[in-house]
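User: I'd like to go through this model and check the labels against their cut-offs. Can you start with solvent exposure?

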Amino acid sequence: MPAQSMEALVSLCKRRGFIFQSGEIYGGMQGLYDYGPLGVELKNNLKAAWWRAMVYERDDVEGLDASILTHRKTLKYSGHEATFSDPLVDCRQCKARWRADHIEDQCPACGAKDLTEPRPFNLMFKTAVGPVDDGTNFAYMRPETAQAIFTNFRHVVDSTARRPPFGIAQIGKAFRNEITPRNFIFRVREFEQMELEFFVTPGTDEDWHRYWVEARIAWWEAQGVPRDRLELLVVEADELAHYSKATTDIMYRFPHGLEELEGVANRTDFDLGSHSKDQEGLALSAAVEPNTDSNARLAIQDPDSKAWQVPYVIEPSAGVDRGVLAVLNEAYRVETLDNGSERTVLALPRHLAPLKAAVIPLKKNHDGIVETARALKARLQKLGLGRILYEHTGNIGKAYRRHDEVGTPLCITIDFETIEGDGTVTLRDRDSMTQQRIPLAEVPAALKAYYSEDGEGA
Ligand code: ATP
């Protein structure tokens, strides 16, 4: 049973150090959030799981990490300068501004039915580059990571000798000046994307499109977002982005409603074609603006016939922040225990848990216990599983409750028995709440085994 409300999630995220409003001490900024001590771990774990599945566990994908500031011409020829906009309306009464397709014919702020005609509002952020800001030396903050994958196509192909089908994957920040950011980290102005551009031979594109929709649903399942909480939306022809022949959105039941978690688009040969010089010889599937600035042909040449072919592109594009929200929502539950009390638990899949284990000394002022606990923490940290926390606050009951709430799968308690008795520790399991005693020396092997069991690694 996922969280019943966004408020419950927002409150947990703030209280326990997952996500904070950006610039809050100065009143905050709309549509910007900062990830705290546990949020950064969760987000990194989600990105690492994506990278493992999309790059390491495949033999047909290469990685890339390109710059955020993007050449103006890149976003000119990609079509973003001309068309990457949302319809903006103003309320003539209260002056509020809205995205026309997000509201009815009435201002949500004051209720007036006095709205201007919608006009396109470009969502890209511009910034001056270099010491002279005369309005001509500017770059865009990329609105999607994809474009740098296209503009680096030649370099990747030349340096890796790849031929379709193959992909280039990238995770990184993207920026959109959303008219009305809202719903916590769902719609923000600065976010991260996990994007794969998968290049295929024209004619095989529809099969690959189906393949990637299915592969991505399976991946979300492994992150704890079950298939029956997802819905596929085939985007209507008149709502497709300018580059797309077909798009299937993977929709998730967020606390505020059914909305897009990831889009899987068939971008055809549009992007590589648009960024190529000498387009006439390329037999592109649709008209693109003639490119007088590019110095490269982003196509594959047949070694025998010497003919050039522009691959089609299938693009699964997922939002990291929307992913974090979905994963948190699915993991959140409030359980009623046998004694009638309640506990909040984040039942995150093991590989996503921000803390892999907490080492808890039963007494904070007992040298032997503290030393043993610190030494165990240091040893476990070296296993490479992720963050192990040395717990320095609260009593044991409170520590267990706190770790349930932030999803720590295992707690290890060091007590007098450990240092003066039979040398065992208490190993407590988040989900079953069972406690067992195991020898101190066996803890590293037990942890390793636990984290290799779910098949995802830590
Ligand atoms: P929407 O229709 O919700 O504005 P979109 O169709 O514009 O989204 P895409 O351009 O397909 O989104 O971007 C790919 C992914 O990037 C989305 O599926 C989403 O997960 C993420 N994303 C896009 N815009 C935002 C945003 N403003 N805040 C957070 N994530 C975003």
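User: Why is Asp-114 called partly exposed?

Analyst: Its relative accessible area is 24%. Buried means under 20%, exposed means over 50%, and partly exposed is what falls in between, using a 1.4 Å probe and protein chains only. So Asp-114, at 24%, lands in the middle class. Bear in mind that this is a predicted model, where local features need pLDDT of at least 70 and side-chain atom pairs count only at pLDDT 80 or more, while totals for chains, interfaces and linings use all residues. Residues are numbered from 1 along each chain as its sequence is written, and side-chain values use heavy atoms, with hydrogens and water left out.

User: What makes Arg-92 and Asp-114 a salt bridge?

Analyst: The closest N and O atoms of Arg-92 and Asp-114 are 3.0 Å apart. A salt bridge needs a side-chain nitrogen of Lys or Arg within 4 Å of a carboxyl oxygen of Asp or Glu, so the pair qualifies. The structure holds 37 salt bridges. As background, side chains of opposite charge can pair when their charged atoms come close.

User: How do you know that Arg-99 and Glu-178 form a salt bridge too?

Analyst: Their closest N and O atoms are 3.8 Å apart, and that is within the cut-off, so the label holds. Arg-99 sits in strand 6 (97-99), Glu-178 in the loop between strand 10 (166-175) and strand 11 (190-200), so the bridge ties together parts 79 residues apart in sequence. Strands here are DSSP E runs of at least two residues, helices are H or I runs of at least four, and both are numbered from the N terminus.

User: Are those two partners buried or exposed?

Analyst: Arg-99 has a relative accessible area of 13% and counts as buried. Glu-178 is at 6%, so the buried label applies there as well.

User: What makes the Arg-267 and Glu-315 pair a salt bridge?

Analyst: The closest N and O atoms of Arg-267 and Glu-315 are 2.8 Å apart, which puts them inside the limit. Arg-267 lies in strand 14 (257-268) and Glu-315 in strand 17 (312-319), so this pair links parts 48 residues apart. Both residues are buried. Elsewhere, salt bridges with shared partners join Asp-86, Arg-99, Asp-101, Glu-178 and Arg-187 into one network.

User: How do you know which residues are closest to the ligand?

Analyst: The ligand is surrounded by 16 residues, and the closest are Glu-178, Arg-187, Val-188, Glu-260 and Leu-261. A residue is near when one of its heavy atoms lies within 4 Å.

User: Why does Ile-179 count as buried?

Analyst: Its relative accessibility is 12%, so it falls under the buried limit. Ile-179 is in the loop between strand 10 and strand 11. Its C-alpha atom is 6.4 Å from that of Trp-98, though they are 81 residues apart along the chain. With contact meaning heavy atoms within 4.5 Å, and residues up to four places away not counted, Ile-179 touches several residues, including Asp-86, Trp-98, Arg-99 and Phe-121.

User: What makes Lys-95 stand out in phi?

Analyst: Lys-95 has a positive phi of about 70° although it is not a glycine. Most residues other than glycine have a negative phi, and most peptide bonds are trans. Lys-95 lies in the loop between strand 5 and strand 6 and, at 61% relative accessibility, counts as exposed. Asn-183 also has a positive phi, of about 60°, and is partly exposed at 26%.

User: How do you know that the bond between Pro-164 and Pro-165 is cis?

Analyst: Omega is about 0° for that peptide bond. Pro-165 lies in the loop between helix 6 (153-160) and strand 10.
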